Amino acid sequence: MASCCGTSRCTCRVTAGPGITVDGNGSAADPYIVSGGGGTTALAVTDSASVDLGLSGTGAAGDPYTVTADAILDPAPPGGGSNLLQEGPDGLYVECADVRTCFTAGDGAVYDQTTGEIGAKISTDAGNTTIIGGDGGIYTPTPAGSEPTVFQVEDSETVDTTLIGTGTAADPFIVSSSVILDPAPPGGGSNLVEAGPDGLYVECADVRTCFSAGDGAAYDPATGVISARLSTDAGNTVSFGGDGGIYAPPGGGSPTVLEVTDSTNLDLALTGTGTAGDPYDVTGTVILDPAPPGGGTNLIESGPDGLYVECADVRTCFTAGDGIDYDQTTGEIAAQISTDAGNTTVIGGDGGIYTPAGSTAVEAADTPSIDATVSGTGTAADPYQVSAAVILDPAPPGGGANLLEAGPDGLYVECADVRQCFSAGDGAAYDPATGEISARVSADAGNTVVFGADGGLYSPGGGGGTPSVVTAGDTPTANNTVSGTGAAGSPYVVSTDVILDPAPPGGGANLLEAGPDGLYVECADVRQCFTAGDGAAYDPATGEISARVSADAGNTTVIGGDGGIYTPAPAGTALQAADTSTLNATVTGTGTAGSPFVVSGDVIVAPEDNGVEITPAGLLVAPSADAGNRLAFGADDRLYVPPTEVGCGLQGDGSAASPIEAFPIAGDRAWATDWTCAAPANSTLHCDPSTGALWTPPEHTSAAVTIQQNHPLGTPTVGVTTGFIIVDGSAWAEGAYTADSLSACRGITFSTRFMGHVELTWPANAQFELGYAVQINGGGLAVRVTHGVYVNGPARRERYSFGVSQATVLAPHTSYAARVYPAVRVMAGSVTFNQWITDTDLIAMTR
């Protein structure tokens, strides 16, 4: 079974839990030591602009003080960009992947923000002869001849790639790869990753040998079970409580002394005396190195909202060399085209480098651990692309799950995968989410467990006060440590180190470093995030980016005198312009691809009035826009004055022989022949002075209609009333005129007549009056009496007819409504209504 620890320091991390302190580095000479303490202390914390301290617990054995610290990251740095500094589960980090988004590619350049690779962009415009040469430089072949295809492979630290074949159809290139497993990892232990017939794997059984048990703990590497180990010292009262936790009866305590110790990257301060009225107050500030060891400026800054590194800070780490144009303000990297006379290289229509101007077979061979793929046709426009994917064994031979996983940024085995290989037994606590192992003290009442002289759990027994406990609580960005026993001679000392993620989630190296004067990120660290692709050269020592010209034979592209990419043109052509009396000719440009000859001409128009003008669409002769001008263009597109046209009621064409005049269809006739009144006062023909149009008043019109309604009264019987009442509020008839429905201009004479037909039954000696209650335009009701019985008589049944009328004169745009309701007044006896019919006559005519 492989072991990750051996005899040297173990790389596995052991974290202290509640009530536990961990010392040592896990080696045989300095093993992990797990211990605890007590005391009664008042404790408080104070934040700084760059560190957020937290305090929990009461200092009691069951609820110890826990001091935590988080580095504060500025969410909005003063430069206006995003903060490149990030916080991961393993500490603060700045990765190459974060820095790479500060840059973009301009014309003639391609930039992969995922890998940081910068390369020259070759135009895909038709006729371009510029390519990437065999040595990765920009190459433009001479007109004659072609170069053979060159294909090679390159190994990496983790993959061994092999190329066989000659590239012909009969003997194609075959590319195969094998994963390289380190036989002697730098930690001194065995490599836990193994290669089987189905791929790479790491099993729980291999990982469990990396752990061993220290004081107060027992560990079974065969099962991965971790449990507490009880001291065998005489007088020990520690046992396992009813809930499986470590338990001891109550014991004594002592006051606590607290000190703080600074680290190279965190400045801690302690105030207060530790009493309830003046509690200890621990504050911390992250230390930023004013002079990083690389000699550059520290890119990390501290603002009012936390630490930050912005794109604007990183961009100053880079400069542009030959063939490259770089804007430090925006981070844009572009190819620089030479302006030397005769250069034919330009930026193509798709933004690539453009200069106007065979067949290889490749196969992929897989191995048990690598799946290789070849795409492309091997041409400049569609080059061969060889890719390889590592094969992971879905069922390792040990029978467990394969802990090795493949993510978008490569292979990895994470703590979260390994931690599920372990579980906790009695007296131990284990958090598989964080990998934290600690002794578990019983929560049973009266427990006084401590650690004995031999490192085991121990309780001396007896009575006393409540002990004070100070523990260190880690956060993803700060590792807190508490040392000392809390006594005057050995006070508690709380120290904090900022945690730097050794393996940021992006898969790259953490660019953030800790020096003797604080945290820093330098330009020299950032520059290693970038590499040069085809057509580009990059110096990671200075950050200079430049174009790389191919050294292949026949290449005519060079770096021009002004530092730009230059390809000489063939012999030039002489061109000049000659004017005429009607055309002013002009020639611009030098005749190169980047500045072609452009011939243009302007028509010369005489300054005298001649009707010719120059417009954006060409020469124009247009008739005047002055009022009354009738000059137009005829059917043959020539200037033309049309004859005068007359409308209805007119005759003649406007000439002397046929003047324009009125056209009376019945001929001429004198007014006095038919009318005896004065014509000016009574004629209705007028002329509108604003339009010149003749007009007469609107036509007269009229309308009439009769509507009959049989009111659904039923047969109501009405007794004596104090006055007139409405027989039925829903039994009404209405004569109404809606404004402008008969004429939109004239006033209206409107009349309506309501004729009632009533059948009544009444007993002897009944007396009553009938009529209509009239309502005008929704106003009040007024009864008009139409019939009455005023003397005693026998019982009778009669039918009567009667009517009421309403007429009015309406101004234009006026509505009118007359509504009537059957009404009755009974003075004696009663009246029964058998039927009531209303005929409504409507008459409307214009005035």
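I call a residue buried under 20% relative accessible area, exposed over 50%, and partly exposed in between, using a 1.4 Å probe and protein chains only. My model is predicted, so I keep local features to pLDDT of at least 70 and side-chain atom pairs to pLDDT 80 or more, while totals for chains, interfaces and linings use all residues. Residues are numbered from 1 along each chain as its sequence is written, and side-chain values use heavy atoms, with hydrogens and water left out.

**Entry: salt bridges**

I looked for salt bridges, meaning a side-chain nitrogen of Lys or Arg within 4 Å of a carboxyl oxygen of Asp or Glu. The count comes to 7 by this rule.

Glu759 pairs with Arg799, with 3.0 Å between the closest N and O atoms. Glu759 sits in strand S65 and Arg799 in strand S68 (residues 796–810), so this pair ties together parts 40 residues apart in sequence. Strands here are DSSP E runs of at least two residues, numbered from the N terminus. Arg799 is partly exposed at 42% relative accessibility, whereas Glu759 is buried at 15%.

My next pair was Glu769 and Arg825, whose closest N and O atoms are 3.3 Å apart. Because Glu769 lies in strand S66 and Arg825 in strand S69, the bridge ties together parts 56 residues apart in sequence. Glu769 is buried at 11%, and Arg825 is partly exposed at 29%.

**Entry: strands and pairing**

I count two strands as paired if DSSP finds at least two bridges between them. S64 (residues 733–737) pairs with S69 (residues 816–828) in the antiparallel sense over 5 bridges, and Gly735 has Ala818 of S69 as its bridge partner. Which residues of S64 are on its covered face? I find Ala733, Gly735 and Tyr737 there, with Glu734 and Ala736 on the uncovered one.

Elsewhere I traced an open sheet of 3 strands in the order S9-S10-S46, with mixed pairing. S9 and S46 (531–532) each have a single partner strand and stand at the edges, so one side of each lacks a neighbour in the sheet. S9 and S10 (residues 117–120) are antiparallel over 4 bridges, and Asp112 has Glu117 of S10 as its bridge partner.

**Entry: positive phi**

Asp740 has phi near 65°; it lies in the loop between S64 and S65 (748–762) and is partly exposed at 33%. Asn777 has phi near 50° and sits in the loop between S66 (767–776) and S67 (781–789). Asn777 is partly exposed as well, at 46%.

**Entry: surface patches**

For patches I take residues with over 30% relative accessible area and no salt bridge, joining like charges within 9 Å and nonpolar side chains (Val, Leu, Ile, Met, Phe, Trp, Tyr) within 5 Å. Asp107, Asp325, Asp327 and Glu332 form a negative patch. Asp107 is in the loop between S8 (104–105) and S9 (109–112), and is partly exposed at 43%.

A nonpolar patch covers about 830 Å², with Leu583, Val603, Leu619 and Phe633 among its residues. Leu619 belongs to strand S54 (residues 618–620) and is exposed at 52%.

Notes:
Areas by Shrake-Rupley, 256 points an atom, 1.4 Å probe, with all protein chains shown as cover. Lys, Arg positive; Asp, Glu negative; His and termini not counted. Charge placed at Lys NZ, Arg CZ, Asp CG, Glu CD.
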